[in-house]
Amino acid sequence: MLVMPKFEYVAPADVREASRLLLEADGKGFLLGGGTDLLVSVKQRVIVPSLVVSSRRLDELKGIRHVEGEGLYVGPATRLHQLYESPVVRATYPLIALAASVVGGNLHQHMGTVGGNLCLDTRCWYYNQTKFWRESYGLCFKQGGDACYVARGGQLCVAAYQGDTAAAFAAMQARLTIAGPRGDRQAPLTDLYSGDGKTPFTLRPGEIIAQVFVPEPTQPWKVFYKKYRQRGTIDFPLAAVAGALLLAADGRRCLDARVVLTGVHTQPVVAERAIAILKGNELTEEIIQEAGAAAAKQAHPAKTTHDTPQHRKRMIAVLVQEGIREVLGQPASPSAA
Amino acid sequence: MSEFAVVGTNARKYDGVEKVTGAGKYTADLNPPGMLLGRILRSPHPHARIVCIDVSRALALPGVKVCVTGAEYAGMKFGVFPSTRDQSLIAIDKVRYVGEEVVGVAAFDEDTAEEALDLIDVEYEPLPAVFTIDEAMKEGAPALHEAFPNNVGAELHTEYGDVEAGFRRADHVRQDTFTTTALAHCQMEPYAVLCHYQNGRLNVWAPNTSVFARRRALSNALGLELNQVHVHKIYTGGAFGGRSETFPADWIAAMLSMKSNRPVKIGLSREESIMTTRQKHEMRITVKSGAKKDGTLVARHFQVWAGGGAYMSTGPIAIGWPLAMIESTFRCPNLKYEGYRVYTNRPICGAMRGHGGQQLHFADSCNLERLAQDLGLDAVDIRLRNAVQAGEVLPSGSKITSCGLTETLQRVAEESGFRNKVGRQRHLSRGVGIGCSSMINGFNMGARSGSQAYVKFNEDGSATVFSGINDTGQGNETAAVQVAAEELGLPMEKIRLVSSDTDLTPQDPGSYSMSSTFISVNGVYQAAADARRQLFKLAAEHLECNPEDLVARNGVISVQGSPGTSVAIEKVIWRAWQRGKEIVGSGIYMPKLNLKRDWIAPGMQTGQVTGAYSFGAVAVEVEVNRDTGEVTILDITAAHDLGRALNPKAAEGQLEGFLAFGIGQALYEGLVWDGGMNLNPTLLDYKYPTTQEMPPVKSILVESIDPEGPFGAKEAAETIGLAVISATVNAVADAIGVQFNDLPLTPARILRALEGKERVNGAKTNGARKKRNASP
């Protein structure tokens, strides 16, 4: 079995204290949520922490609170299953419940936290390997080496961001409260992601997500979360789409749209071109096809896993189209009887 | 009332409670006092010369007790066969794949042992490497082993009948080439081994499929007498062929224990388990079949290239076994078979479910399917026409004793509605496919081909059975206990089984040749029958009747037809012992084999290869999503001829388990490579199917009552795990009109094929598909 390296473990009861400890660990400190991502990486020595700060006793980071007419406050240490088991999330923020319900497998959903899923490290099969494997093959950019083995000759790390809930939260225009050594700051969720596969998050040293806020939808948005993975459980998304459509009274014209992709880039991608095509238009089969194709153009998967980038890109188009058809009450495929 | 009291019932698994409550111990659970933890430094290179190894800094680390290197064991080599000893116990001058063992370290804790690995200095001189079959066989390619300059480490050339003449008589000849990828077994238990060398004896605990094979290999490798090696009974968390051999971790743990005089345990990571125990051979297979207009096969020619990795392992079996399977499924008098087992600088390939048969069956059955389509014949009919029958002598001279192949085919065809569905659901992108296969039940292992057992009694009338039978989760122990209980006339609770321990139990071939039911349970049956004879003789004296008139059930021996005239078994035992008479049952079952038959030796592929053949057929219905390329298996109907169902529920469990294996190979699984590096050595990235991918399964147990099997029983399930692969590929062909030649059928591959960009029908097509595929 893989041996866990030695590190110091603390479980403070105060967010400020946690922040201070992480800052002092000077880049070697890591916040532990459910451990479904971090502990695997630590055992593989992808990450070698000097300090692990557990969120176990950080009660202020836990729980779900809905304020009528305002929105949903989600503590980042909330377990993923609590999202889809919450009646209010299911009723008022169904997109978030949908995405949380297909993260990994059931055990991941019960251990994994919202904050951990939002801060899921970017993944690549040249990176998520044991120390022996990586040292045998050679170190890539993300490990401090000087090459990318996926995009040969490339200058940037293309490891994929494969979190599910980020796309749903982004589509719901979630905002973060980030606690840090110099107090709290607010930021849209999409600002959390840097776009660089090597250092995918914009959190500064000592910063911790303190809260995720989702404004209450004032309109009857129709939503879908479509995830493509090889098996019906466990797997990360090879491609996934969170979508929300606001339809006119006729049920055909699209007044507003939000489409966010995940699994196909170094960060979640707001599919602006697809949104532009949908917005204001009658959702004919032609428009649906066009929107799917436009979304696929914004997907930039690399050969970071077993599936081909071409197929994952293509799946984005299929997922967008399936999602829209589902919202419209149509069969998943126009060719289906 | 059933003919039997215990046989044929869904008795609870003998080891079930211990396993589900967590009380059952596996190797990693063992922590004897004074134990050291071992780690292995492995080669980072696929092919390199070792210039020097310096362990002095590691040995200086506090907590490190001992190190071992190959030089200390120079000249000692391992091989499954005496003729294939090609692997040093630890690499000495050369490494041949990434992960090969270079140094073993034992320390007081795992952290220290791990840290010590970083302090070992090894200087390598990298060598050019070959990774694929083609690269390895190319003229002038670097050779892995000096003795095999073309990297072909084993080959087989066999011809039965006259194949050239056969093809001349054929009305139609069809040739296809297929490929399969290397696979991982993914046993739930990662490999672990504990060795304790004490008082001149080596004690070993490790997941295994035969304690006797493990003992033999360790004694050969380490130069110990057989009775100086004690391989203990320990639960094994799945084997699937991948726990059959001894591995370098065993030798290293043994050497570290011999040097330190302490118990040493080495637990491998999942990555090490996948990369450094065994994998399944990747294969390229060309099948040429000639048939008459009515589908009768007249000649077949198989060419098999197996990419086997750095060492020979069970390579000769991997290329030889499929021949035994091919001749025993579809009758063909003229059969030519050529097999090449090729060394490459990748992990070592050995046994894995069907042992080459799974790959060959896929090729065999898909070729036959296409032959049928060329001739305008029904997929079921062509199989029925060529299906072997009981009593038939095969081209090699091996005889089929019992055979339910025709019945399994007819029943799956009927119960799946195959004929009403085939070719009629393409507008829904749905299709059905069928496959069938045979399987041998044990093979020639010389004196180790048979299984022995003893039965002793206790004064309360209960019995203890000693058998070498091995159970890695299949239910073999349960079957043995059921058969012993039936034959002795005792309830199952009155039977205790002591199994799989080289010091305590007699010889057994192991559970890696589909032999456990047919041979090992048979050994238990023979011993129980012997004990029963002794009991009946004494009971007959007591009851003043003939032993032939007696029956035993539920602990009581009575005269048939007059249950009032009876005596308890407990009483028979008491009386015997009081009179100074012992009752000990003993028996052996040795299958009637040609013990000269060899997997690859020229001209030696004749005579009886196995004691019995089992058979099975599978019908699969699929739906293909033309947008995503995903294949959903809607349902499976599987029939297996297992001779007799000793425990129907357990047999169904075996059927479903092996179907999952086959589905994995057909649709999901494959080891992916970058040169010599395996890119997916984890359970996350290696895509074996989960319960989510399992369709509803209708299991049909066909009982052909084998004349030699215990109560007529044969192995359960191995055939259908083979047959489900071609059935799935054929079903996809029926659904979308594309016949695939390469596994697995991933969504990306399906979409590429629908666009005409994938190699199908034996040739890569560009642009539009050939018309022939559109409608058979």
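Two residues are in contact if their C-beta atoms, placed from the backbone, lie within 7 Å. The model shown in these views is predicted, so local features need pLDDT of at least 70 and side-chain atom pairs count only at pLDDT 80 or more, while totals for chains, interfaces and linings use all residues. Residues are numbered from 1 along each chain as its sequence is written, and chains are lettered from A and ligands numbered from 1 in the order in which they are written.

**View 1. Domains 2 and 3 of chain B and the contact between them.** An automatic or database domain assignment, from which the domain bounds come, divides chain B into domain 1 (31-127 + 188-238 + 243-276), domain 2 (351-442 + 607-767) and domain 3 (445-589). In the contact, 19 residues of domain 2 of chain B meet 18 residues of domain 3 of chain B. On the side of domain 2 of chain B that touches domain 3 of chain B, the elements giving two or more residues are strand E20 (430-440) and helix H17 (648-668) of chain B, where helices (H or I, at least four residues) and strands (E, at least two) are DSSP runs numbered from the N terminus. That side of domain 2 of chain B has 10 nonpolar, six polar and three charged residues; Ala, Val, Leu, Ile, Met, Phe, Trp, Tyr, Cys and Pro count as nonpolar, Asp, Glu, Lys and Arg as charged, and the others, Gly among them, as polar. Taken over C-alpha atoms, the centres of domain 2 of chain B and domain 3 of chain B are separated by 38 Å.

**View 2. An open sheet of three strands in chain B.** The strands follow the order E24-E25-E26 (chain B) with antiparallel pairing, and two strands pair if DSSP finds at least two bridges between them. Strand E24 (550-553) and strand E26 (562-568) of chain B each have a single partner strand and stand at the edges, so one side of each is left without a neighbour in the sheet. Strand E25 (residues 556-559) of chain B pairs with E26(B) over four bridges, and B:Ser558 stands opposite B:Ser566 in E26(B).

**View 3. Helix H18 (residues 718-736) of chain B.** At 1.5 Å times one less than its number of residues, this helix of 19 residues should span 27 Å, which agrees with the 29 Å between its end C-alpha atoms. H18(B) is mostly covered, with 19 of its 19 residues buried; a residue is buried if 20 or more other C-beta atoms lie within 10 Å of its own, exposed if 12 or fewer, and partly exposed in between. Just after H18(B), B:Gly737 takes a positive phi of about 75°.

**View 4. The surroundings of A:Leu283.** A:Leu283 is found in the loop between helix H10 (272-278) and helix H11 (285-297) of chain A, and A:Leu283 counts as buried because there are 22 C-beta neighbours inside 10 Å. Leaving aside neighbours within four places in sequence, A:Leu283 is in contact with A:Arg252, A:Cys254, A:Ile288, A:Ile324 and A:Leu328.

**View 5. The side of chain A that touches chain B.** Here 26 residues of chain A are in contact with 29 residues of chain B. Helix H8 (131-137) and helix H12 (309-327) of chain A are the elements that give two or more residues to this side of chain A, and H8(A) gives the most, with five residues. By class, this side of chain A has 12 nonpolar, 10 polar and four charged residues.
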